[in-house]
Amino acid sequence: MSDDDLVTILAAAIALPLDPAHREGVALNFGRLLAQAEIVMGVALPPETEPAPIFRP
Amino acid sequence: MTLPDGPMSAAAIAAAIRGRKLTAARVAEHALVLIEARNAALNAYTAVLAGRALAEAHAVDAAIADGSDPGALAGVPYGVKCLFDVAGLSTRAGSIINRDLPPARQDAVLVRRMAQHGAVLLGTQTMDEYAYGFTTENVHDGTTRNPHDSLRVAGGSSGGSAASVAAGLGAVALASDTNGSIRVPASFCGVFGLKPTYGRLPRTGAFPFVFDLDHVGPLARTTEDLALVYDALQGPDPQDPACAGRAIEPALPHLGHSPTTLRIGVLDGWFHDKADAQARAAVRHIADALGASTHVSLPGAEAARAAAFLITAAQGANLHLANLRARARDFDPAIRDRLLAGTLLPAAFLLQAQRVRRWFSEEAAEVFRSFDILLAPSTPCSATRIGQDTLELDGICYPARPNIGLLTQPLSCIGLPIVSVPVFLAGALPIGVQIIAAPWRETLALQVCAHLERIGAVGAAQVA
């Protein structure tokens, strides 16, 4: 599936209107995000590693 | 006392005004004349607040005449990145969209603290739209030009703030740093910039970008000025949920202590590979000055940078989602497409990114068991050309605008306190080196900077 196809599906999932004039730039940037996601998903983390943000009620 | 031809430090200005050798009004008038003469070429200020500046200056002079203490920043002229609330102005944050916001009813907390210490606000300063960029090439407000080379960018996103300080259009400035937005322009413009520990300084009244990563801090032409302002800004604020509420830990009184027994490491791996020859030479210059020869790895820097990249895209996008739906065409195109893409990120990536952030923080803590200070370039290269699309590093061609922060992003991702110090190598544009400390050890990083300045290894150069 191309980055452009993914953009179409994910934008529909959150009902985000995309101007056709913006699609190419969005797909390009989404591809860059996927490349960074691949790096992050490649890190093997132990189950006890908590997400970083701390909420203090 | 007459004002010198070159810019005075904030400390010298405050001392002269407190000592009744200069008036704050004279200093403010002089700063406003300089801005009038030079801002059209630099594009560092988005709004000049002459009336407010003169009123604040006269109040300082009146306090001195009354025998009152005008504050440690008496009459120090400064500007703020245009994401800080200034009473009576809409907080534009570099956008068109925010011009529709009602004027701020009060100043941001840090602007109030500057005023309480006697500083004089000159105006608001140019930035990348919503702080999402590293070049301050803003489609709405124009490009801020580098004071050292007008064909080059000032860096971003706090480009107007760094350029103003480098050019002497204000002694110091307040800015923000989410992924490098203080350190990158400090590097490109040849000034000092402090990004304190995440949670040290309150962001209340500063327009947000990425709640998990947003920091605020000062830019200055000397370490002493950086510490002077940093000390004035410290203190808890319950309105900022991320503010850690720590007691004030003044740095200025400790700057005179030259650190002699520090364990200093030079970061290699990512921080070496993603730097060009000049950036590597700048780090060697600082390492030699400090007698540091040990190289150290910080495992996971690339993953931390990726985590920061993803968190930024997703949180920034969420912040602006309503406007992205309703008026996407009103965004700067360079920012809009990045934000729109960020709205689409699956949760799995974001949660993993937040866990990587925790893991990397623990990796860094392990390194800090063996080292007090770490060194790395602030930017992969010196200032890029206006309109430059790509960077070539380590044989790889990168899009320039998202990647100028390659060396700052992994570190702000985990909130470490860092000072970017300016290095001027012969015949080259300035470039910054990051002096990196463990969390809450800003004073140590500033001590090292002050030492480097005393021995002549770093310093802001006067702009012709």
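**Entry 1: confidence.** I began with the scores, since this is a predicted model. I read an ipTM of 0.95 and a pTM of 0.97. For chain B I found an average pLDDT of 96. In that chain, 100% of the residues score at least 70.

**Entry 2: extent of the contact.** I looked up who takes part. Chain A brings 33 residues and chain B brings 35 residues. I then turned to area. The size of an interface is often given as the accessible area lost when the parts come together. Here the two chains bury about 3,100 Å² between them. Carbon and sulfur atoms account for 69% of that area. Which residues of chain A lose the most area to chain B? I noted A:His22, A:Leu33 and A:Val40. Together they make up 19% of what the chain A side buries.

Entry 3: I checked for salt bridges next. The count between the chains is 1. I located a salt bridge between the side chains of A:Asp19 and B:Arg329, at 2.4 Å from N to O.

**Entry 4: the chain A side.** I asked which helices supply this surface. In chain A, α1 (3-13) and α2 (20-41) each give at least two residues to the side that touches chain B. The most comes from α2(A), with 13 residues. Last, I sorted the residues on this side of chain A by type. I listed 24 as nonpolar, 5 as polar and 4 as charged.

Conventions
Residues are numbered from 1 along each chain as its sequence is written. Chains are lettered from A and ligands numbered from 1 in the order in which they are written. This is a predicted model: local features need pLDDT of at least 70, side-chain atom pairs count only at pLDDT 80 or more; totals for chains, interfaces and linings use all residues. Side-chain values use heavy atoms; hydrogens and water are left out. pLDDT is the predictor's confidence in each residue, from 0 to 100. Contact means heavy atoms within 4.5 Å. Buried area is the accessible area (1.4 Å probe) that two parts lose on being put together, summed over both. A salt bridge is a side-chain nitrogen of Lys or Arg within 4 Å of a carboxyl oxygen of Asp or Glu. Helices (H or I, at least four residues) and strands (E, at least two) are DSSP runs, numbered from the N terminus. Ala, Val, Leu, Ile, Met, Phe, Trp, Tyr, Cys and Pro count as nonpolar, Asp, Glu, Lys and Arg as charged, and the others, Gly among them, as polar.
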